[in-house]
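Reader: Hey, I've got this protein open on my screen and I'm a bit lost. Can you walk me through it?

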Amino acid sequence: MDTELNRRAMAMLRAVGAGRAELTCSCEPDLRVDGLPCCDQATAHQLARAGLIRAARVVAVGQWTRAELTEAGRRALGGTLAAA
């Protein structure tokens, strides 16, 4: 992302890093945390476009799969994953 990540984006990254999130397979993937739709899909889309999160495996379009952090996502967290 071109700007600094806000607290909501950081919380979303921590949830992904903790294994609590899923993404849809899509050009604009939706995110859910703990089985519930994320309240800020625009930020979820930005995190995916910025290359901070991705689907853990390839699934059919529209299907859900576990979300994971990319290396850039781990760097963006800067060691705060333990607070998830």
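Predicted model: local features only at pLDDT ≥ 70, side-chain atom pairs only at ≥ 80, totals over all residues.

Reader: OK, how many helices and strands does the protein have?

Author: The protein has 3 helices and 5 strands. Going from the N terminus, the elements run α-β-β-β-α-β-β-α.

Reader: And what percentage of the residues is buried?

Author: Buried residues make up 36% of the 84 residues.

Reader: Let's do the strands. In what order do they sit in the sheet?

Author: The order is S3-S2-S1-S5-S4, in an open sheet with antiparallel pairing. The strands at the edges are S3 (36-37) and S4 (53-55), and each of them pairs on one side only.

Reader: What actually holds strands of a sheet together?

Author: Strands of a sheet pair through backbone hydrogen bonds, and the pairing can be parallel or antiparallel. Here, S1 and S2 pair in the antiparallel sense over 3 bridges, and these two strands form a hairpin with 6 residues between them.

Reader: Which residue stands opposite Ala21 in S2?

Author: That's Val33.

Reader: How many bridges join S1 to S5?

Author: There are 3 bridges between S1 and S5, which run antiparallel. If you click on Thr24, its bridge partner in S5 is Trp64.

Reader: What about S4 and S5, then? How many bridges do they have?

Author: S4 and S5 (residues 64-69) pair over 3 bridges, in the antiparallel sense. Look for Ala55 there, which stands opposite Ala67 in S5.

Reader: What is Ala21 in contact with?

Author: Leaving aside neighbours within four places in sequence, Ala21 is in contact with Ala15, Val16, Leu31, Arg32, Val33, Arg66 and Ala67.

Reader: Now Ala60. Where is that one?

Author: Ala60 is in the loop between S4 and S5. Ala60 counts as partly exposed because its relative accessibility is 49%, and that class lies between the 20% and 50% cut-offs.

Reader: How far is Ala60 from Thr24?

Author: In sequence, Ala60 and Thr24 are 36 residues apart, and in space they are 8.9 Å apart, C-alpha to C-alpha.

Reader: Switching to helices. Which strands does H1 lie across?

Author: H1 (residues 7-17) lies across S1 (21-24), S2 (31-33), S4 and S5, and it runs at about 110° to S5. H2 (residues 41-49) packs on the sheet too, touching S2, S3 and S4, with its direction at about 90° to that of S4.

Reader: How do the axes of H1 and H2 sit relative to each other?

Author: The axes of H1 and H2 come within 10 Å and cross at roughly 65°. The two helices are therefore roughly perpendicular to each other, since angles of 65 to 115 degrees count that way. H1 passes H2 in a right-handed crossing.

Reader: Which residues make the contact?

Author: From H1 it's Ala9, Met12 and Leu13, and from H2 it's Thr43, Ala44 and Leu47. By class, that contact has 5 nonpolar residues, 1 polar residue and no charged ones.

Reader: Which residues in H2 are buried?

Author: Gln41, Thr43, Ala44, His45 and Leu47 are buried in H2. The buried residues of H2 pack against H1, S2, S3 and S4.

Reader: Last one: what follows H2?

Author: H2 is followed by Gly51, whose phi is positive, near 80°.

Methods: Residues numbered from 1 in each chain as written. Heavy atoms only, no water. Pairing = 2+ DSSP bridges. Helix = DSSP H or I, 4+ residues; strand = E, 2+ residues; numbered from the N terminus. Contact = heavy atoms within 4.5 Å. Axes fitted to C-alpha atoms, helices over the stretch in contact; angles between N-to-C directions. Buried < 20%, exposed > 50% of the residue type's maximum accessible area, 1.4 Å probe, protein only. Parallel < 35°, antiparallel > 145°, perpendicular 65-115°, else oblique. Left-handed = near helix turned anticlockwise from the far one by under 90°. Nonpolar A, V, L, I, M, F, W, Y, C, P; charged D, E, K, R; others polar.
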